Structure formats: structure tokens, C-alpha cells
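The following note sets out several points on the structure shown below. Each may be checked against the coordinates.

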Amino acid sequence: GQPLYYAPLSEGEGAAPLSLRLRFVGDKISKAEAIVARKGEPLFNPPGAIGDQPRDDAPLAPALRADAAAMTRTANLYFDAISNVGDPSLIRGARGCERGENGTRATNRAPRTESAAGADEAMSGDCTAKLAGMPISAVAHRRFRVIDREAGVILGVGLFQRPPGAVWRDGSPRKRNLIDEYFALDGDRISGIFAVMHYREPADSDATAW
């Protein structure tokens with residue numbers, strides 16, 4: 001009774017990556033929650049949210065389906081690792097697993113060089129690479145409300161907290177992220193991560209608003 005929607009939202013003259021969860025009681029919507037990434041936010045790339053999807057329509061082979069507890073554990077281990085409270089070596093990922101953020105592919109890209117503006121060094125590996133030392137102090141308010149064993153997808157929701165003094169390369173402060181993370185799994189291995197993130201202003205509360 002909980003469909004998920006991950007795709008661009010038509011808005012004004014453009015589009016914006018959208019993650020939407022609905023909950024139905026019978027044929028009526030009883031709950032809706034959404035995260036929208038809008039132009040001006042880092043990694044904003046609506047067309048990429050069309051090209052990269054967590055899964056196609058084919059269900060996973062039964063041998064690749066994990067139970068709900070194992071899927072939740074895999075997602076939690078990832079959140080622990082990026083917030084530096086867990087061991088990155090415990091993350092089980094398929095070789096070359098991808099990560100997309102606001103429609104932009106953020107993994108398996110050429111490293112930055114002095115002569116060319118390439119990807120950040122953290123983006124030059126797969127979804128399990130270089131997790132230690134990321135500027136995230138905690139993934140707060142975690143929830144895993146939708147777990148689809150047949151598709152091998154689990155939706156994780158949380159708020160990325162930043163350590164004191166965390167800044168971008170230009171010296172501007174790193175904002176907190178309200179995030180929906182779609183983890184595509186083969187068994188207990190991550191095959192892809194697809195995120196829609198909204199960067200929160202310093203005056204916004206530390207709650208997720210729901």
C-alpha cells in the first residue's frame with residue numbers, strides 16, 4: 001500500500017528531481033511525503049533522474065532476494081560508514097556499484113587533475129569507496145518505511161548533519177541534507193544508490209518536518 005516515485009517533476013519552465021512516497025488506505029491517499037531538489041542545489045541534473053533508475057521492472061531472482069532485516073542492516077551500515085561511526089569495510093557492494101545524487105552520477109568518474117576540472121576524488125571509486133572521513137557527523141532521524149524484497153529496493157530517509165566547521169572548497173559552509181536514498185540490492189550487496197537531496201538552510205530545524 002505504499003508506492004514510491006523517483007523521477008523529475010515538471011515545475012514551471014523546468015524540471016526538478018522528486019522522491020515521493022504515498023500511503024493508501026483502501027483507494028484513498030492517507031499520507032504523502034516528498035523531497036524535491038531544485039535548481040541551484042549541488043549536483044542538480046533532472047535528466048539524469050530519468051536515465052538512472054533504481055531498478056527496471058523485472059523482479060529479482062528468488063536467490064538474490066534478502067529478507068527485510070538484512071536489507072535494513074545493509075542500508076544502516078552504509079549510513080554508519082558515511083557518518084564515521086561505522087566500519088566502511090563492512091559495506092558489501094557489487095563491484096562498480098553506482099551512486100546518483102540529484103540526478104548526477106557521483107561514482108566511477110575520472111579523478112580531478114590540476115589541469116582539468118574533473119570529478120571530486122571521492123567520486124573516482126564505486127559506491128563503497130572513500131567513505132571514511134566524509135563531512136557527515138550523523139545521519140539523524142533514519143527511517144526505512146518501504147522495503148520491497150521482490151524488487152530488491154529499500155528506501156532510507158534521514159538528515160545529514162555536518163561536523164562543526166565543514167566547508168566546501170570555496171570556503172562556504174556545507175549545509176545539512178534532507179535525503180531520500182533508494183538502495184538497490186542484490187542479496188545483501190549494494191548494486192546502486194539513488195538519492196534525492198534538499199540542502200537545508202542554517203535557520204531550519206534539525207527535524208525532518210514529519
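1. Two strands are taken to pair if DSSP finds at least two bridges between them. The model is predicted, and in it strand 2 (residues 14-25) and strand 3 (residues 28-36) pair in the antiparallel sense, over eight bridges. Within this pairing, L18 is placed opposite V36 of strand 3.

2. The connection between these strands deserves a remark. Strand 2 and strand 3 make up a hairpin that leaves two residues between them. In the turn, G26 adopts a positive phi of about 65 degrees.

3. Which residues does P42 contact, leaving aside its neighbours within four places in sequence? They are N102, W168 and Y199. The C-alpha atoms of P42 and E101 are separated by 8.7 Å, although the two residues are 59 residues apart along the chain.

4. The count of disulfides comes to one. This disulfide joins C97 to C127, with an S to S distance of 2.1 Å. The torsion about the S-S bond of C97 and C127 is about -95 degrees, and the disulfide is therefore left-handed. Because C97 belongs to strand 4 (residues 93-101) and C127 to the loop between strand 5 (104-105) and strand 6 (138-148), the pair ties together parts that are 30 residues apart in sequence.

How values were computed. Residues are numbered from 1 along each chain as its sequence is written. This is a predicted model: local features need pLDDT of at least 70, side-chain atom pairs count only at pLDDT 80 or more; totals for chains, interfaces and linings use all residues. Side-chain values use heavy atoms; hydrogens and water are left out. Helices (H or I, at least four residues) and strands (E, at least two) are DSSP runs, numbered from the N terminus. Contact means heavy atoms within 4.5 Å. A disulfide is a pair of cysteine sulfur atoms within 2.5 Å.
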